[in-house]
Amino acid sequence: MRRHLVLRVTTKLLMPFILMFALYVQFHGDFGPGGGFQAGVIFGAGFILYALVYGVENARRVVPDSVIRVLIATGLLIYVGVGFVCLFLGGHFLDYNVLAHDPVHGQHLGISLVEFGVGTTVAATMITIFFTFARRGREVK
Amino acid sequence: MAVGIVRLHNLFAVVMLSGIYSLISAGLFVTMDAVDVAFTEAAVGGGIATVLMLGTLALTTDEEKGPLANLQVLPLLVVLITGAALIYGTLDMPSFGDPQAPIHQHVADLYLAEAPVTTGVPNIVTAVLASYRGYDTMGELSVIFTAGIGVMLLLGAGTRRRKD
């Protein structure tokens with residue numbers, strides 16, 4: 001991959017926009033199209049593009065395995081955690097009305113948190129699956 | 001395109017064709033005003049799934065094995081009957097966008113009317129997914145979580161020590 005100058009420069013130019021777009025889809029998901037799953041996939045695809053062009057080793061230096069393995073579980077924990085917080089605050093499981101003084105604000109907060117959890121797990125899972133495949137390929141050869 | 005995928009023996013070309021198919025169906029979803037689904041289809045179907053399939057080809061081989069020697073009657077029969085049953089099932093489906101369709105008679109109107117007011121989230125898709133259908137989304141997330149764990153276990157990510 002040393003020689004593909006055009007690919008490398010273009011990837012470097014596109015990376016910030018891809019990641020920024022993913023964050024936009026994540027946090028603007030309650031107003032425009034999008035949400036946690038789409039944002040996670042776009043975020044993951046950005047890293048996969050980077051790994052394809054610059055090599056898996058370089059990409060793993062940005063997101064080490066240990067971090068990403070924790071992130072997979074963190075997203076799901078955030079989701080379930082929000083559910084339990086609602087439970088402890090006197091509502092039903094995943095009943096966001098109790099999260100803030102105003103039920104509407106509570107709903108909004110709950111939805112944002114839950115979508116953030118979805119995005120985290122999806123992005124981490126996509127990156128992990130790709131890294132695992134890529135490393136396996138190198139071991140075989 | 002489906003015929004091409006079936007006829008081709010070079011699996012690399014098959015993967016590329018299915019990626020193109022995903023991209024086209026993403027465009028189709030946009031024309032049906034389902035931008036969320038189009039997003040997902042373009043990113044997952046056109047991007048990540050294609051890359052993963054290519055990774056699988058790198059692990060295995062990119063040429064198909066030769067065709068089976070004789071005609072398999074039973075599988076062909078099963079496929080034909082299932083296909084016929086599915087097409088028969090679509091015959092009395094309501095046409096696309098029909099306001100009298102059963103799905104529009106149930107809770108959909110309630111969601112459309114209530115969601116922006118009770119959740120403060122103008123995007124009703126997000127409101128339904130994360131709030132009204134919160135349990136479903138949690139289940140989906142745990143499916144993704146399980147998939148990630150499964151791939152890590154099956155293909156051995158990382159910590160396994162080699163005994164040399």
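Colleague: Is A:N97 buried or exposed?

Modeller: A:N97 is buried, because 20 other C-beta atoms lie within 10 Å; buried here means 20 or more other C-beta atoms within 10 Å of a residue's own, exposed means 12 or fewer, partly exposed is in between, and C-beta atoms are placed from the backbone. Please keep in mind that this is a predicted model, in which local features need pLDDT of at least 70 and side-chain atom pairs count only at pLDDT 80 or more, while totals for chains, interfaces and linings use all residues. Residues are numbered from 1 along each chain as its sequence is written, and chains are lettered from A and ligands numbered from 1 in the order in which they are written.

Colleague: Where is A:N97 found, and what does it touch?

Modeller: A:N97 sits in the loop between α4 and α5 of chain A, where helices (H or I, at least four residues) and strands (E, at least two) are DSSP runs numbered from the N terminus. Leaving out residues up to four places away in sequence, A:N97 touches A:G91, A:P103, A:G106 and A:Q107, a contact being two residues whose C-beta atoms, placed from the backbone, lie within 7 Å. The C-alpha atoms of A:N97 and A:Q107 are separated by 5.5 Å, although these residues are 10 apart along the chain.

Colleague: Switching to A:V118, which residues does it touch?

Modeller: A:V118 belongs to helix α5 of chain A, and, not counting residues up to four places away in sequence, it touches A:G36, A:F37, A:G40, A:G75, A:Y79, B:T137 and B:L141. A:V118 is buried, with 29 other C-beta atoms within 10 Å.

Colleague: How many residues of α2(A) are buried?

Modeller: Of the 19 residues of α2(A), 15 are buried, so this helix is largely enclosed by the rest of the structure. After α2(A) comes A:G55, whose phi is positive, near 95°.

Colleague: What else is in chain B, how many helices and strands?

Modeller: Chain B has 7 helices and 0 strands, and buried residues make up 20% of its 164 residues.

Colleague: At what angle do α2 and α3 of chain B cross?

Modeller: The axes of α2 (residues 11-31) and α3 (residues 35-59) of chain B come within 7 Å and cross at roughly 175°; axes are lines fitted to C-alpha atoms, for helices over the stretch in contact, and angles run from 0 to 180 degrees between N-to-C directions. That makes α2(B) roughly antiparallel to α3(B), a label for angles over 145 degrees, whereas under 35 is roughly parallel, 65 to 115 roughly perpendicular and the rest oblique. By class, the contact of α2(B) with α3(B) has 14 nonpolar, 6 polar and 1 charged residues.

Notes: Ala, Val, Leu, Ile, Met, Phe, Trp, Tyr, Cys and Pro count as nonpolar, Asp, Glu, Lys and Arg as charged, and the others, Gly among them, as polar.
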